[in-house]
Amino acid sequence: MITEPFKTYPKIKELASGYFTTLRSAAEEGKTIAWGPALIPYELLRAMDIEYVLGEPYGVMCTASGLGAELLPAAEEYGFTTRFCAYSRNFIGSYLKGRGPLGKLPQADFMIGVRADCNDHVAWFEAISKMVDRPYFAVDLPKCYKQPAERHIAYVQSQLERLVEFVEHVTKRKLEEQRLVDAVINAHQLRVLWREILECCKNVPAPLNFKNQTSFMIAAVLLKGSKEAVDTYATLLDEVKDRLQRGVASAPEEKARLLWDNIPMWYYPQTFRLLEEKGLIPIVSLYTLLWGDNPLTYSQYPQPSKDLLSWQVPTTGKETLREIAKEFIRGHIIMNSLPSKLSFYGGLARDYRIDGAIFHSNWGCKNLSLGRLDVARYLGEEFHIPIHVFESCMADPRGFNEEEFLSGLDAFARSFDV
Ligand code: SF4
């Protein structure tokens, strides 16, 4: 199969590095900075010219730059247990050591947390707000175990209204509604583009694989709400469609199409090269799909619930906060119940025509690992495909057993007879 490098990738890298350059100089220039998990509605911050450090991407950078061995013990010596999110321990260690991938972690003026499906999210920024003595606001998301309803949207929206008041109070700035409307529309367009890009992977061969997806999603995560990001991902979609037309694959061989579950080990990037050498190509993952606008595609919820949560173009600040609230609920609904997860993974297995699945039982993010064994067994039994489950951590290399990992991959590869 023919394959070739992506022409849009340098532009995506440029966007991401522009974000980091701005962040590096932000503290010196006296700009207002917020810290929070990647879930926070930072379209709001963007609309108020507030820079932000997002905890998870920062944790990825700490790990990928090899600083984890120094940062993780610092957080643990301070008192954070190794059961706590591995990204958070990298982040907190970076603060404590005064060192990190950007040099010193740019000091925040305030923090935002989100009480979603993962308690570590909220504990992380609550704890660090006390350590650095800065104000903190947490948005609480409801658990929709059964069926999303209007009361869930209203609940989140009321908190977003309070969040705006909090940010206005801390920064002494007034939110310009139109800027928020524009940022949220841009963020939605970006999610649609990202979903369309990933859906091209239903094609055989897939024009991009999970490794490409994790490289490409960085700017989509960091620059949500920016027009420049929308334009760049529109160009990427054009390129991916062009590859489809010309039959350009993501790898020289696609002997088996895989579902990859969970976050990869950022300290062990050779994972995907090793798989590629065996012709095993992960092409779909909930982890990358979560940044698209499609979480309800495969949901078992009745149509009225889906309609209630569907996107409506906002024109006022109030409508915009309602759209953010709906987006929060859409994005987390799959995590909240096993039936939702089974329905979602079943849809992926069918539509992406997978031949096997790898489940990373990730100690570092228990949230994404929830229900993994049930989902793995369901896929194996329902679709009669080989399944491989291995244990490790996305951002803490200390417990990674390379020999065991490699022998597990070999055994899995043999089940495809490749
Ligand atoms: S455990 Fe997972 S979901 Fe929770 S804060 Fe860490 S990375 Fe995010």
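**A four-stranded sheet, term by term**

Tutor: Let's start with the open sheet of four strands, ordered S2-S1-S3-S4 and paired in parallel. The model is predicted, so to speak: local features need pLDDT of at least 70, side-chain atom pairs count only at 80 or more, and totals for chains, interfaces and linings use all residues. Residues are numbered from 1 along each chain as its sequence is written.

Student: What makes S2 and S4 edge strands?

Tutor: S2 (51–54) and S4 (136–140) each have a single partner strand, so one side of each has no neighbour in the sheet. Strands here are DSSP E runs of at least two residues, and helices are H or I runs of at least four, numbered from the N terminus.

Student: How do you know that S1 and S2 pair?

Tutor: Pairing takes at least two DSSP bridges between two strands. Four bridges join S1 (residues 33–36) to S2, so the pair qualifies. Gly36, for instance, stands opposite Leu54 in S2.

Student: What makes a residue count as buried?

Tutor: It needs 20 or more other C-beta atoms within 10 Å of its own C-beta, placed from the backbone; 12 or fewer is exposed, and in between is partly exposed. By that cut-off, 48% of the 418 residues are buried.
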